[in-house]
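Q: I would like to learn how to read a structural model with some care, one feature at a time. Could you take me through this one?

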Amino acid sequence: MLMKLLISVVVGAIIGWLAGKLMKSDGSLLRNILLGIGGSALGGFVGGLLKIEPTSWIVSMILAVACACLLLWLYQKFFQKKKKPSGRVR
């Protein structure tokens with residue numbers, strides 16, 4: 001049981017890193033990893049709701065990365081501070 005949890009966290013961390021690169025996130029690596037772990041869990045949940053059978057690990061990874069990108073986008077829209085323009089024109 002502990003080994004499955006550890007593997008899930010490591011895979012989620014890799015997915016979070018990949019989602020951060022795909023979304024060109026300027027946030028911290030830790031935040032991307034945490035959102036990747038959440039995206040992996042969300043991907044499994046959504047896959048079950050949509051009756052998507054993971055026929056291979058590639059299908060599972062694609063779904064997890066897509067959900068991690070969605071979570072990262074939502075985070076950027078609702079929680080990230082907007083940069084104020086400096087007012088200087090160059």
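Predicted model: local features only at pLDDT ≥ 70, side-chain atom pairs only at ≥ 80, totals over all residues.

Q: How many helices and strands does the chain have?

A: Helices (H or I, at least four residues) and strands (E, at least two) are DSSP runs, numbered from the N terminus. Here the chain has 3 helices and 0 strands, and its pattern along the sequence is α-α-α.

Q: Which residue has a positive phi although it is a residue other than glycine?

A: Lys24 has a phi near 50°, and its place is in the loop between H1 and H2. As for cover, buried means under 20% relative accessible area, exposed over 50%, and partly exposed in between (1.4 Å probe, protein chains only). Lys24 counts as exposed because its relative accessibility is 72%, while 23% of the 90 residues of the chain count as buried.

Q: Which residues form the nonpolar patch on the surface?

A: Patches are made of residues with over 30% relative accessible area and no salt bridge, where like charges are joined within 9 Å and nonpolar side chains (Val, Leu, Ile, Met, Phe, Trp, Tyr) within 5 Å. A salt bridge, in turn, is a side-chain nitrogen of Lys or Arg within 4 Å of a carboxyl oxygen of Asp or Glu. In this model Met3, Leu6, Ile7, Val10 and Ile14 form such a patch, with about 500 Å² of accessible area together. Ile14 is found in helix H1 (residues 2–22) and is exposed, because its relative accessible area is 53%.

Q: How many aromatic pairs does the structure hold?

A: Rings of Phe, Tyr and Trp (its six-membered ring) pair if their centres lie within 6.5 Å, and planes under 30 degrees apart count as stacked, over 60 as edge-to-face and the rest as tilted. The structure holds 1 aromatic pair. Tyr75 and Phe79 form this tilted pair, at 5.8 Å centre to centre and with 35° between the planes. Tyr75 is partly exposed at 27% relative accessible area, whereas Phe79 counts as exposed at 61%.

Q: Which helix gives the most to the lining of the largest pocket?

A: Rolling a probe the size of a water molecule over the atoms shows where empty space is left. The largest pocket has a volume of about 290 Å³. Among its 18 lining residues, the closest to its centre are Ser40, Gly43, Gly44, Ser60 and Ala64. H2 gives the most, with 7 residues, and H1, helix H2 (29–49) and helix H3 (57–78) each supply at least two.

Note on methods
Residues numbered from 1 in each chain as written. Heavy atoms only, no water. Areas by Shrake-Rupley, 256 points an atom, 1.4 Å probe, with all protein chains shown as cover. 1 Å grid on protein atoms, 1.4 Å probe; cavity = no way out; pocket = protein on both sides within 12 Å on 5 of 7 lines; lining within 4 Å. Points joined across faces, edges and corners; volume = space filled by probe spheres on them.
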